[in-house]
Amino acid sequence: MTEYIYQTLLLEVEGATLKITINRPEAMNSLNSTVVHELGHAMNHLQANAAFKGAIITGAGSKAFVAGADIAGVNQIPDEHTEGFSKFGQEVFFQIERSTKPVIAAVNGFALGGGCELAMACHLRIASDNAKFGQPEVNLGLIAGYGGTQRLVQLIGKTKATELLLTGAVIKADEALALGLINYVTSPEELLAKANALLELIYSKSPLAVALTLESIAAGVHDPSTGYAFEAAAFGRAARSKDGREGTAAFLEKRKPVFTGE
């Protein structure tokens, strides 16, 4: 099988982690159709390869995670393809959100428009103290189209999300942390180390329990009416699994569990 060659991404393997770097620093790592397509391919690669337990998504350089969409490309979309443009990006970001392996956004610099939407699609977000977040699409006569109007409300609540979406305001990392948009703020130098440390902590847990937890969260987000039922079924699967039996036995025996993902 011919190895896939990425034009806009750099993929590096660091232990059990797949590090995905959006590599368009000359364009502030802005999203074009190639980047979005390749992100989808990279997520398929993450899911299909048993050697990978999780992933980090970051941007090349120190100025931007992703500064937004490629506006020149957006301006040239034929009228009949505008809705499809949005749906394509949504589907790729759903791949990230629905991954059964944890994906962390390591946000360095600007995460605006599609960049903020990409970060929000990841399971966890760590930002350097020079990071800035926002959905400034209204300034261009547009709206967020890759899930921003939905995920921002889910993450920080309707009141503040509505303000940010309608004003196009850009917020700094400390405010994003206070709002619950991100999990941690670090120095730029410590950003990737913090992301790796968090993944290593998650890797020490049962891979099956991690996967079922992520699936349960996604189920509830996308259809609250069925989230509890999905959780119950997932709990049942976990409780009767080898990992579930091992984890509970280890607790009772006061020893460290040995998880196999079964």
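Student: In which sense do strand 3 and strand 5 pair, and over how many bridges?
Tutor: In this predicted model, strand 3, residues 54-59, pairs with strand 5 in the parallel sense, over four bridges.

Student: Which residue of strand 5 is the bridge partner of Ile56?
Tutor: Ile56 has Ile104 as its bridge partner in strand 5.

Student: And how does strand 5 pair with strand 7?
Tutor: Strand 7 covers residues 124-128, and its pairing with strand 5 is parallel, over four bridges. Within this pairing, Arg125 of strand 7 stands opposite Ala105.

Student: Why is strand 5 described as largely enclosed?
Tutor: Strand 5 runs over residues 103-107, and five of its five residues are buried, so the rest of the structure largely encloses this strand.

Student: Which residues lie on each side of strand 5?
Tutor: Val103, Ala105 and Val107 are on one side, while Ile104 and Ala106 are on the other. Both faces are covered, and these residues are all buried.

Student: Changing topic: how many cavities of 30 Å³ or more are there?
Tutor: The count comes to one cavity of 30 Å³ or more.

Student: What volume does the largest cavity have?
Tutor: The volume of the largest cavity is about 50 Å³.

Student: Which residues line the largest cavity?
Tutor: Its lining consists of Cys116, Phe133, Gly134, Gln135, Leu152, Leu164, Ala169, Ile171 and Leu181.

Student: How does that lining divide into nonpolar, polar and charged residues?
Tutor: Seven residues of the lining are nonpolar and two are polar, with no charged residues. Gly counts as polar in this division.

Terms used:
Residues numbered from 1 in each chain as written. Predicted model: local features only at pLDDT ≥ 70, side-chain atom pairs only at ≥ 80, totals over all residues. Heavy atoms only, no water. 1 Å grid on protein atoms, 1.4 Å probe; cavity = no way out; pocket = protein on both sides within 12 Å on 5 of 7 lines; lining within 4 Å. Points joined across faces, edges and corners; volume = space filled by probe spheres on them. Buried < 20%, exposed > 50% of the residue type's maximum accessible area, 1.4 Å probe, protein only. Helix = DSSP H or I, 4+ residues; strand = E, 2+ residues; numbered from the N terminus. Pairing = 2+ DSSP bridges.
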